[in-house]
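Please consult the sequence and structure below while reading.

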Amino acid sequence: MTTIDPRALRDAFGSFMTGVTVVTTLDPNGAPVGFTANSFSSVSLDPPLLLVCPGKFLSSHDVFAKCSHFAVNILSEGQQEVSNTFAGFKGDRFAKVDHSRGLGDLPLIQGALAQFCCETHAVVPAGDHTVLIGRVQEFSHAKGNGLGYVGGAYFSLGLEREIDAKEPTICGALVRSNGHVLLEVHNGRHQPLQIAGVEPGGQRNRLAQGLSDRGVTARVDQVYSSFSDAANALHYTFFLTTCHDTPAVEGTKWVPVDALPKLTYTTQAIHDMMTRFAIEAQEGNFSLYLGDAKQGDIHSLNEGAR
């Protein structure tokens, strides 16, 4: 029998783009408990069923495995901190997050895109998780975009649509692997891999195809930086990108993350971005930059394990 590497399998599962939910219930004493999950799926319309999969490693696993009712809150974009709180905060999670009470006094997260109050329909043990199937008794749904999650990182579909609608853009990839970044080298100057002449719309897909055409097999993750550079009258969008065990292709080299700030780059704006990337990569806490080459806004896009 072939031995499967759990870490590699988790990475493969993580390539499936999902939304993010917070699942809640009440413990036997009536206190609210909850956890973050992207293992959510609709199951049936008639009867109305959905499922989530609490892991057996959760301190609240037994509460959910034995509960008679639970709620699923689909988070909206911008609710990364809510997700992070219910994924890892060890104190009173509900004290940090605005919430209300729904059917059966179930805790509901304020600002969630959709909320489902469920009666437990079935509980199925499944390896290191439990499949918790709920029958929807009441739900609400608001307009907006959900919080996205892929490859261990959040992304914003609404933001990517907004970026796609802008002027023609040069797309770039901060290709990461084992503490290194793959860079192009032009006359001693460096830059992330770039695909020039990209028209508005579908930048993620065009970048993935452009990388593949150059012999780079990589997963395109979240947007990392989007800015206009008046010095050359161009707009750039760079994506975080992950690959495994890929050799440097012609005209490129792998550079250790801690060496990035010391290099000479093709533009000052790219130097500033790569210096920020080096700092954030060491902290494991990436952010999104929107603006121009000299000033803009930083938006938190914390990476988190599920």
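The model is predicted: local features need pLDDT of at least 70, side-chain atom pairs count only at pLDDT 80 or more, and totals for chains, interfaces and linings use all residues. Residues are numbered from 1 along each chain as its sequence is written, and side-chain values use heavy atoms, with hydrogens and water left out. Across the whole structure there are 5 salt bridges (a side-chain nitrogen of Lys or Arg within 4 Å of a carboxyl oxygen of Asp or Glu). Helices (H or I, at least four residues) and strands (E, at least two) are DSSP runs, numbered from the N terminus.

**Salt bridges**

- Side chains of opposite charge can pair when their charged atoms come close.
- Arg-101 and Asp-105 form a salt bridge at 3.0 Å, N to O.
- Arg-101 is partly exposed because its relative accessibility is 37%; buried means under 20% relative accessible area, exposed over 50%, and partly exposed in between (1.4 Å probe, protein chains only).
- Asp-105, at 41%, is also partly exposed.
- Asp-221 pairs with Arg-219 at 2.7 Å, N to O, and Asp-221 is buried because its relative accessibility is 1%.
- Glu-280 and Arg-276 are joined by a salt bridge of 3.4 Å, N to O; both lie in helix α7 (residues 268–283), 4 residues apart, about one turn of the helix.
- Arg-176, Arg-219 and Asp-221 belong to one network of salt bridges with shared partners.

**Nonpolar cores**

- The largest nonpolar core has 22 residues, of which Leu-174, Leu-183, Leu-260, Met-274 and Phe-277 touch the most other members; such a core is a set of buried Ala, Val, Leu, Ile, Met, Phe, Trp, Tyr and Cys residues joined through side-chain atoms within 4.5 Å.
- Elements giving two or more residues to this core are β13 (169–177), β14 (180–186), β16 (219–229), β17 (234–242) and α7, and α7 gives the most, with 6 residues.
- A second, separate core of 17 residues includes Val-33, Cys-67, Ile-74 and Val-136.

**Helix α6**

- Within helix α6 (residues 203–213), the residues Gln-203, Arg-204, Leu-207, Gly-210 and Leu-211 are buried.
- These buried residues line one face of α6, because they fall within an arc of 130° seen down its axis (the arc is that of the directions from the helix axis to the C-beta atoms).
- Asn-205 and Asp-213 are exposed residues on the face of α6 turned away from its buried side.
- Gly-215, which follows α6, has a positive phi, near 85°.
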